[in-house]
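Open the model in your viewer and switch to a cartoon view. We will go through it one selection at a time.

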Amino acid sequence: MQYVYVKDSEGFVFKKKKSEVASDEKIISEKEYKKKSGLALYEKKFGHGGARENAGRKIKFASPLKFQIRVTKEEKDFLSYAREKKLDFTVLMNIAMKADV
């Protein structure tokens with residue numbers, strides 16, 4: 001399939017199959033197509049025909065981001081103790097909720 005660049009009666013440019021060119025469309029050169037569509041300026045500005053380097057979505061990390069909260073010394077000691085003894089906070093929360101009822 002051979003593609004050509006065309007300009008329609010309103011001045012819009014696009015690439016399409018040579019067999020699909022309408023009678024009111026004019027075949028133009030690739031250079032004129034790039035100039036009219038703005039691709040030439042884009043390539044000139046960035047130098048490589050694409051967006052700036054490292055643009056786009058970033059990879060997601062395997063672990064969630066770390067965050068900090070302010071706690072008292074007693075709370076910090078309790079959390080350290082709970083981690084050391086491998087306490088299950090879900091079980092503790094369920095026990096505390098049952099005690100409230």
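Select Tyr-5 and Ile-28 to begin. Ile-28, in E3, is the bridge partner of Tyr-5. Keep in mind that this is a predicted model.

Now widen the selection to strand E1, residues 3-7. Three bridges join E1 to E3, and the two run antiparallel.

The three strands make an open sheet, ordered E2-E1-E3, with antiparallel pairing. E2 and E3 stand at the edges with a single partner strand each, so one side of each has no neighbour in the sheet. From one strand to the next, the twist averages 50 degrees.

Next, show helix H1, residues 30-37. H1 packs on the sheet and touches E1, E2 and E3. The direction of H1 makes about 135 degrees with that of E2.

Go to Glu-25, in the loop between strand E2 (13-17) and strand E3 (26-28). Is Glu-25 buried or exposed? Its relative accessibility is 15%, under the 20% cut-off, so Glu-25 counts as buried.

Show side chains here. Those of Glu-25 and Lys-16 are joined by a polar contact of 3.2 Å. The Glu-25 side chain also reaches the backbone nitrogen of Ala-22, at 2.9 Å. Which residues does Glu-25 contact beyond its neighbours within four places in sequence? Select Val-6, Lys-7, Asp-8, Phe-14, Lys-16 and Glu-20 to see them.

Last stop: Tyr-3 and Lys-15. Lys-15 lies over the face of the Tyr-3 ring, 5.4 Å from the ring centre. Then colour the aromatic residues: the structure holds one aromatic pair.

How values were computed
Residues are numbered from 1 along each chain as its sequence is written. This is a predicted model: local features need pLDDT of at least 70, side-chain atom pairs count only at pLDDT 80 or more; totals for chains, interfaces and linings use all residues. Side-chain values use heavy atoms; hydrogens and water are left out. Helices (H or I, at least four residues) and strands (E, at least two) are DSSP runs, numbered from the N terminus. Buried means under 20% relative accessible area, exposed over 50%, partly exposed in between (1.4 Å probe, protein chains only). A polar contact is a pair of N or O atoms within 3.5 Å; within protein, one must be able to donate a hydrogen and the other to accept it, and residues adjacent in sequence count only if both atoms are side-chain atoms. Contact means heavy atoms within 4.5 Å. Rings of Phe, Tyr and Trp (its six-membered ring) pair if their centres lie within 6.5 Å; planes under 30 degrees apart count as stacked, over 60 as edge-to-face and the rest as tilted. A charge sits over a ring if NZ of Lys or CZ of Arg is within 6 Å of the ring centre and within 35 degrees of the ring normal. Two strands pair if DSSP finds at least two bridges between them. Axes are lines fitted to C-alpha atoms, for helices over the stretch in contact, and angles run from 0 to 180 degrees between N-to-C directions.
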